[in-house]
Amino acid sequence: MSERYEYVPHRLLHRRVRDIASGTEGVLMAVINENVSDAADYEHWTELAYIRVASGREFTTAVANVQPACDQPQTSRTRQDLGSA
């Protein structure tokens, strides 16, 4: 059996984005090509976007639902963004 997921590069990683399905905004943390199949003999892969909202919680949505949140630029930067531990 192959791996269950793999990371995918995306132009909006670590930028503020909007999930058009829910209207929720947050920071795109990762895009993962994930095997979502329950069956061992059949693989079904899909690309999921992981978005972190202001509360710190993350949710997933289809990559096709992700768009830049240009109307509300990010005003504060986290320690991680600044490169500190």
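Two strands are said to pair if DSSP finds at least two bridges between them, and the strands themselves, like the helices, are DSSP runs numbered from the N terminus (helices are H or I runs of at least four residues, strands are E runs of at least two). With these terms in hand, one can read that arginine 18 has glutamate 25 as its bridge partner in β3. The model is predicted, and for that reason local features need a pLDDT of at least 70 and side-chain atom pairs count only at pLDDT 80 or more, whereas totals for chains, interfaces and linings use all residues. Residues are numbered from 1 along each chain as its sequence is written, and side-chain values use heavy atoms, with hydrogens and water left out.

**Confidence**

- The average pLDDT of the chain is 85, and 79% of the residues score at least 70; pLDDT is the predictor's confidence in each residue, on a scale from 0 to 100.
- Within the chain, confidence is highest in β2, at 97, and lowest in helix α1 (residues 79-82), where the mean is 51.
- Where pLDDT is low, the predicted coordinates should not be read in detail.

**How the strands are joined**

- Strand β2 (residues 16-19) runs antiparallel to strand β3 (residues 25-35), and 3 bridges join them; in this pairing, arginine 16 stands opposite valine 27 in β3.
- β2 and β3 form a hairpin with 5 residues between them, and glycine 23 in the turn has a positive phi of about 80 degrees.
- β2 is also joined by 3 bridges to strand β6 (residues 66-68), again with the strands running antiparallel, and here glutamine 67 in β6 is the bridge partner of arginine 18.
- β3 pairs with β1 in the antiparallel sense over 3 bridges, while 8 bridges join β3 to β4, which also run antiparallel.

**Burial and the nonpolar core**

- β3 is mostly covered, since 10 of its 11 residues are buried, where buried means under 20% relative accessible area, exposed means over 50%, and partly exposed lies in between (with a 1.4 Å probe and protein chains only).
- The largest nonpolar core has 9 residues, namely Val8, Leu12, Val17, Leu28, Val31, Ala49, Ile51, Val63 and Val66, and β3 and β4 (45-52) each supply at least two residues of this core.
- A nonpolar core is here a set of buried Ala, Val, Leu, Ile, Met, Phe, Trp, Tyr and Cys residues joined through side-chain atoms within 4.5 Å.
- Valine 63 touches His10, Val31, Glu47, Leu48 and Ala49 when residues up to four places away in sequence are not counted; contact means heavy atoms within 4.5 Å.

**Tyrosine 5 and tyrosine 7**

- The structure holds 1 aromatic pair, which is formed by tyrosine 5 and tyrosine 7 in an edge-to-face arrangement, at 6.0 Å centre to centre and with 90 degrees between the planes.
- Rings of Phe, Tyr and Trp (its six-membered ring) pair if their centres lie within 6.5 Å, and planes under 30 degrees apart count as stacked, over 60 as edge-to-face and the rest as tilted.
- Tyrosine 5 is partly exposed, with a relative accessible area of 45%, whereas tyrosine 7 counts as exposed at 59% relative accessibility.
- Tyrosine 7 lies in strand β1 (residues 5-7) and stands opposite isoleucine 32 in β3.
- Not counting residues up to four places away in sequence, tyrosine 7 touches Ala30, Val31 and Ile32.
- The C-alpha atoms of tyrosine 7 and asparagine 33 are separated by 6.2 Å, although these residues are 26 residues apart along the chain.

**Asparagine 35 and serine 37**

- Asparagine 35 is found in strand β3 and is buried, with a relative accessible area of 2%.
- The side chain of asparagine 35 reaches two backbone nitrogens, that of serine 37 at 3.1 Å and that of histidine 44 at 3.4 Å.
- A polar contact is a pair of N or O atoms within 3.5 Å; within protein, one must be able to donate a hydrogen and the other to accept it, and residues adjacent in sequence count only if both atoms are side-chain atoms.
- Serine 37, placed in the loop between β3 and β4, is buried as well, with a relative accessible area of 7%.
- A polar atom of the side chain of serine 37 lies 3.1 Å from the backbone nitrogen of alanine 39.
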